[in-house]
Amino acid sequence: MRYMIIVKATPESEAGCMPEEALLGAMADYHGELARAGVLLDASGLHPSSRGWRIRYQGTERSVIDGPFTESKEMIAGYTMISVRTPEEALEWARRFPNPRGGDLEAEIEVRQVFELDDFPPSETLERFRALEQGQAPLQS
């Protein structure tokens, strides 16, 4: 089972502030533990929304909206992807995640299970995704 630990944006992350050395050290320690346990798949921080954009869909029309975006509590500042055997193991790892703001400041992370191909009913389209997963060119429909 794959889980994404989502680090919510904060006023500091949206301002482009880099984490203090102590917090970077705690994150390095935590991700090192994940790697040694063989459950770490990926982890990255994101630049502030001022350096990004959104694509808005209205039917077949698309429009581009440049950042920054106003609701930082609804945005993501980073993520960690893990692969574990059970939801309980994912929770155990998530509880150990360092406070993303450091110290005694209020912060929040969110943990969500990632869909696996086996979660979907069999279909030709699903086989195209399986081919991609195996590094093959997908079959055209």
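**Exercise 1. Determine which ring the charged end of Arg-54 sits over.**

Solution. The structure is a predicted model, in which local features need pLDDT of at least 70, side-chain atom pairs count only at pLDDT 80 or more, and totals for chains, interfaces and linings use all residues. Residues are numbered from 1 along each chain as its sequence is written, and side-chain values use heavy atoms, with hydrogens and water left out.

Step 1. A charge sits over a ring if NZ of Lys or CZ of Arg is within 6 Å of the ring centre and within 35 degrees of the ring normal.
Step 2. The ring in question belongs to Phe-69, and the charged end of Arg-54 lies 3.8 Å from its centre.

**Exercise 2. Classify the pair formed by the rings of Tyr-30 and Trp-93, and state where the two residues lie.**

Solution. Step 1. Rings of Phe, Tyr and Trp (its six-membered ring) pair if their centres lie within 6.5 Å; planes under 30 degrees apart count as stacked, over 60 as edge-to-face and the rest as tilted. Three aromatic pairs are found in the whole structure.
Step 2. The centres of the Tyr-30 and Trp-93 rings are 6.3 Å apart and their planes stand at 70 degrees, so the pair is edge-to-face.
Step 3. The pair links distant parts of the chain: Tyr-30 belongs to helix α2 and Trp-93 to helix α3 (residues 87-95), 63 residues apart. Helices are DSSP runs of H or I with at least four residues, strands runs of E with at least two, numbered from the N terminus.
Step 4. Tyr-30, at 3% relative accessible area, is buried, and Trp-93, at 8%, is buried as well. Buried means under 20%, exposed over 50%, partly exposed in between (1.4 Å probe, protein chains only).
Step 5. Tyr-30 and Trp-93 form one aromatic cluster with Phe-97.

**Exercise 3. Classify the pair formed by the rings of Phe-115 and Phe-120.**

Solution. Step 1. Their centres are 5.4 Å apart and their planes are at 45 degrees, so the pair is tilted.
Step 2. Phe-115 is exposed at 60% relative accessible area, whereas Phe-120 is partly exposed at 42%.

**Exercise 4. Describe the surroundings of His-31.**

Solution. Step 1. His-31 is found in helix α2 (residues 21-37).
Step 2. With a relative accessible area of 14%, His-31 is buried.
Step 3. Leaving aside neighbours within four places in sequence, His-31 is in contact (heavy atoms within 4.5 Å) with Leu-40, Ala-43, Thr-80 and Phe-97.
Step 4. Between His-31 and Arg-54, 23 residues apart in sequence, the C-alpha to C-alpha distance is 29 Å.
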